[in-house]
Amino acid sequence: MAGEPETLDVDEPLERRRHRHWFDRLITLSDGVFAIAITLLAFNLHGPANWKTVGDIWASLGPQLDAYSLSFVVISVYWLAHRRFFAMIVTVDAPVTVLNLVMLALVALVPAATEFVHGAGPLQAAMMIYSALVVAIGVSMAMTWGYAALAADLV
């Protein structure tokens with residue numbers, strides 16, 4: 001019932017409870033990193049310092065909004081895949097945790113890479129860096145899933 005304290009299942013073995021706790025903490029951390037990465041994308045949007053018309057604002061924000069939209073979709077797709085993968089994982093161990101942390105570290109870099117894309121530097125070089133990051137996130141997620149499903153039988 002709502003408002004009642006949650007009762008502790010004292011019959012649940014300590015080891016099972018500890019593994020469930022590790023799993024829950026990893027999911028919570030992961031959701032937080034994805035949410036912060038998406039939030040930081042919006043903080044990176046900046047209008048022109050000196051503007052006179054709405055057209056000036058749109059001219060300045062256009063490339064930034066394109067990069068924001070792309071990064072929002074990239075982060076969202078990886079979050080959806082992460083959610084689906086971890087819904088099938090029964091428990092986590094140290095290698096899954098480390099591999100997931102590597103993937104989260106890469107996701108946390110997406111806002112900075114997005115700034116490269118809409119920055120003043122050469123677009124082709126920025127897109128190569130951005131693309132490499134997106135691929136690295138996918139590879140790290142695949143390694144996490146591959147280890148969990150094939151090597152450790154955690155699925």
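**Chatting through a predicted helical model**

Biologist: Let's start with Ser131: what does that residue count as at 35% relative accessibility?
Modeller: This is a predicted model, so read each value as computed from it. Buried would need under 20% and exposed over 50%. Ser131 comes out at 35%, so the label is partly exposed.

Biologist: Where is Ser131 placed, and how far are the C-alpha atoms of Ser131 and Phe72 separated?
Modeller: Ser131 has its place in helix H5. Phe72 is 59 residues away along the chain. Between the C-alpha atoms of Ser131 and Phe72 the separation is 14 Å.

Biologist: Now Phe85 and Trp145: how many Å apart are they in space, C-alpha to C-alpha?
Modeller: Phe85 lies in helix H2, and at 22% relative accessibility that residue counts as partly exposed. In sequence, Phe85 and Trp145 are 60 residues apart. In space, C-alpha to C-alpha, the figure is 6.9 Å.

Biologist: How many cavities of 30 Å³ or more does a search of the whole structure find, and what volume has the largest?
Modeller: Searching the whole structure with a 30 Å³ threshold turns up 1 cavity. The volume of the largest cavity is about 40 Å³.

Biologist: Which elements give two or more residues to the lining of the largest cavity?
Modeller: The lining is made up of His82, Phe85, Phe86, Asn100, Met103, Met141, Thr144 and Trp145. Elements with two or more residues in that lining are helix H2 (54-88), helix H3 (94-108) and H5.

Biologist: Moving to the surface, which residues form a nonpolar patch?
Modeller: One member, Leu40, lies in helix H1 (residues 14-43). Leu40 has a relative accessible area of 35%, so it is partly exposed. Together the members have about 320 Å² of accessible area, and they are Ile36, Leu40 and Phe43.

Biologist: What separates the C-alpha atoms of Leu65 and His19?
Modeller: Leu65 is found in helix H2 and counts as partly exposed at 26% relative accessibility. Along the chain, Leu65 and His19 are 46 residues apart. Their C-alpha atoms are separated by 42 Å.

Biologist: And Asp56 and Ala42: how far apart in space are they, C-alpha to C-alpha?
Modeller: Asp56 sits in helix H2, partly exposed with a relative accessible area of 33%. Ala42 is 14 residues from Asp56 in sequence. C-alpha to C-alpha, they are apart by 19 Å.

Biologist: Last one, Asp153: what is its phi, and is Asp153 buried or exposed?
Modeller: Asp153 falls in the segment after helix H5 (123-151). Although Asp153 is not a glycine, its phi is positive, at about 50 degrees. The cut-off for exposed is over 50%. Asp153 has 61% relative accessibility, so the residue counts as exposed.

Methods:
Residues numbered from 1 in each chain as written. Predicted model: local features only at pLDDT ≥ 70, side-chain atom pairs only at ≥ 80, totals over all residues. Heavy atoms only, no water. Helix = DSSP H or I, 4+ residues; strand = E, 2+ residues; numbered from the N terminus. Buried < 20%, exposed > 50% of the residue type's maximum accessible area, 1.4 Å probe, protein only. 1 Å grid on protein atoms, 1.4 Å probe; cavity = no way out; pocket = protein on both sides within 12 Å on 5 of 7 lines; lining within 4 Å. Points joined across faces, edges and corners; volume = space filled by probe spheres on them. Patch = residues over 30% accessible without salt bridge, like charges linked within 9 Å, V, L, I, M, F, W, Y side chains within 5 Å. Areas by Shrake-Rupley, 256 points an atom, 1.4 Å probe, with all protein chains shown as cover. Salt bridge = Lys/Arg side-chain N within 4 Å of Asp/Glu carboxyl O.
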